[in-house]
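Hi,

Here is the structure I promised to send over.

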2 protein chains.
Amino acid sequence: MMRVGIDIGGTKTQAVALADSGEIAASVTLPTMRGEDAVLATTTSSVVALAATAGRELGEFSSIGIGIPGHVDRVGGRVRNAVNLGVRSLELGPALRERFGIPVEIDNDVTAAAAGAAHLMSLSGTVAFLNLGTGLAAGIVVDGVAWRGQAGAAGEIGHLPVDPHGLECPCGQRGCLETIASGAGLRRAWPAGGAHPGRGLVRAMESGDADARRAFEGLVSGAAGCVRILALSIDPQTIVIGGGLSRLGEPLRQALGATLREWSGTSPFIADLKLPERVQFLPENTPAAAVGAALVSRT
Amino acid sequence: MMRVGIDIGGTKTQAVALADSGEIAASVTLPTMRGEDAVLATTTSSVVALAATAGRELGEFSSIGIGIPGHVDRVGGRVRNAVNLGVRSLELGPALRERFGIPVEIDNDVTAAAAGAAHLMSLSGTVAFLNLGTGLAAGIVVDGVAWRGQAGAAGEIGHLPVDPHGLECPCGQRGCLETIASGAGLRRAWPAGGAHPGRGLVRAMESGDADARRAFEGLVSGAAGCVRILALSIDPQTIVIGGGLSRLGEPLRQALGATLREWSGTSPFIADLKLPERVQFLPENTPAAAVGAALVSRT
């Protein structure tokens, strides 16, 4: 038997079949289309395509786990207000259960990514996955089990204010970390970067674009702030950095390390936390959320 | 058999004997004296006095748990740099083990208080204990078990900066929550309040002392910030507020509730967290740290 995990993102839907050994037996990527019907159709197609790719019957799949942005009713399987997917309300769990006749569990995509990163990177203990995406949030797993918190808000550190004079945040607060350390934050700080500011940011900064430089510095300082908050609240063994902006790669890695070391130099208290040693980047093209969705579907 | 729990605070040492039922069978309070020898002598006396008060033999005590500020080596039982106690280095665990011949476990006092508060207030799930003391920190327990984190820094939210233009913190950073929401912070903001600014603060504020008012407002906003940080990182069921400054009582409770409701009014995101409903104050004169120390000595 194999478990299916599906990561429904704003641009692509990635599905994996996970063998009992925990290995990825097959994977499929489809473009995500917007709206309730399209999301359901793409998700269904991805499962069928996965069986074909793996050379298996649908009956050999034992469960489906889904990672999706937006408010998720894990028990009922309903997705609400997944804005990036054009979904206002979708009974995704029940629809897939009816179609495939196996258990379906819907989870937050960042929580799923945390579980997948811990599995794929062989990280034990408590792992926080810091998602530098359009938004900013962390997912937490403890020994492979998702830590969701009482209100499902565990790891929602993107909406912690760190500057009373900072920018207004769509959440209604001011100076939230998400206003500087996210794709949405980058677009505000560097409008010239267009809809996908991460792509040209480093080049623009290196050619002397002051807005690009400032946007990058905000991102770095916000991400470092997230690392500090995670260390002084949950205190995980490892903080994995992923999400679209993590593809900034080496420049981001170096700048983040430099900031954390600078803070350690100023504060022995921070130095004791050994933050730089606890940060790892998710390797590129790692289907963490899809794998994690397959894993959490049985916990 | 009974378990002993001892809370060694800056002014008093409180010891309790906990029956197997979890009830407090006896308690003793002695003044704390400064220095390695005095701390050890007072702790030893408190155990002996506890046996006498309970009408028991020392042999009926099965374990000793200690809650103490400062850096604690839980395994070795060594206390280092407990500044308020005048202790630079004390082999407290080994000394007590030798004297009484039973297991001794030393723990951070705020972690112990979290365990004790959860027990005494019958709180299940994840509980954060926010200690508004000379310093500012939270202790975390999950289903009665202490959550210490990888570096023992779980809940150390007092050293999270929330204002780039805030005051310098002794930790080497700037604008830490502890600079506004702690006894040390109050002393800076309201020097006229003397060494124990909590005692006269409300009266001074009500008679129009602007510094006292500002100090109180900083305390309230910092404490509310701690509640928000705990909710958006660990997301506990209950946040218990204790520590010396919690004795400000009703004015603090009301102002904190008002601030959290004001934030909820500005931000639907924050409103969803139902913060005011998750905050409770530790009832006055509750020996949470002593009871918690007795409890964690067996976990």
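Before the details, a word on pairing: two strands count as paired if DSSP finds at least two bridges between them. Strands themselves are DSSP runs (E, at least two residues), as are helices (H or I, at least four), and both are numbered from the N terminus. With that in hand, Ala82(B) sits opposite Val87(B) in strand 7 of chain B.

Some housekeeping: this is a predicted model, so local features need pLDDT of at least 70 and side-chain atom pairs count only at pLDDT 80 or more, while totals for chains, interfaces and linings use all residues. Residues are numbered from 1 along each chain as its sequence is written, chains are lettered from A and ligands numbered from 1 in the order in which they are written, and side-chain values use heavy atoms, with hydrogens and water left out.

Back to chain B. Strand 6 (residues 78-82) and strand 7 of chain B pair in the antiparallel sense over three bridges. They belong to an open, antiparallel sheet of three strands in the order 5-6-7. Strand 5 (71-73) and strand 7 (87-90) of chain B are the edges, each with a single partner strand, so one side of each has no neighbour in the sheet.

Now chain A. Five strands make an open sheet with mixed pairing, in the order 11-10-9-12-13. Its edges are strand 11 (145-146) and strand 13 (279-281) of chain A; each has a single partner strand, so one side of each is left without a neighbour in the sheet. Strand 9 (residues 126-132) and strand 12 (residues 238-242) of chain A run parallel and are joined by five bridges, with Val127(A) opposite Thr238(A) in strand 12 of chain A.

Two helices go with this sheet. Helix 7 (residues 250-266) of chain A packs on it, touching strand 9, strand 12 and strand 13 of chain A (contact means heavy atoms within 4.5 Å), and its direction makes about 175° with that of strand 13 of chain A. Helix 6 of chain A lies across strand 9, strand 10 (136-142), strand 12 and strand 13 of chain A, at about 160° to strand 9 of chain A. For these angles, axes are lines fitted to C-alpha atoms, for helices over the stretch in contact, and angles run from 0 to 180 degrees between N-to-C directions.

There is also a hairpin in chain A: strand 2 and strand 3 have five residues between them, and Gly22(A) in the turn has a positive phi of about 95°. Seven bridges join strand 2 (residues 12-18) to strand 3 (residues 24-31) of chain A in antiparallel fashion, and Leu18(A) has Ile24(A) as its bridge partner.

How many salt bridges does the structure hold over all chains? There are 18, where a salt bridge is a side-chain nitrogen of Lys or Arg within 4 Å of a carboxyl oxygen of Asp or Glu. One of them joins the side chains of Arg148(A) and Asp107(A) (2.2 Å, N to O). That pair links distant parts of the chain, 41 residues apart: Arg148(A) is in the loop between strand 11 and helix 4 (183-189) of chain A, and Asp107(A) is in strand 8 (residues 104-108) of chain A.

Last, the interface. Chain A and chain B each give 41 residues to the contact. Between them they bury about 3,000 Å², 62% of it on carbon and sulfur atoms; buried area is the accessible area (1.4 Å probe) that two parts lose on being put together, summed over both. Zero salt bridges are counted between chain A and chain B.

Cheers
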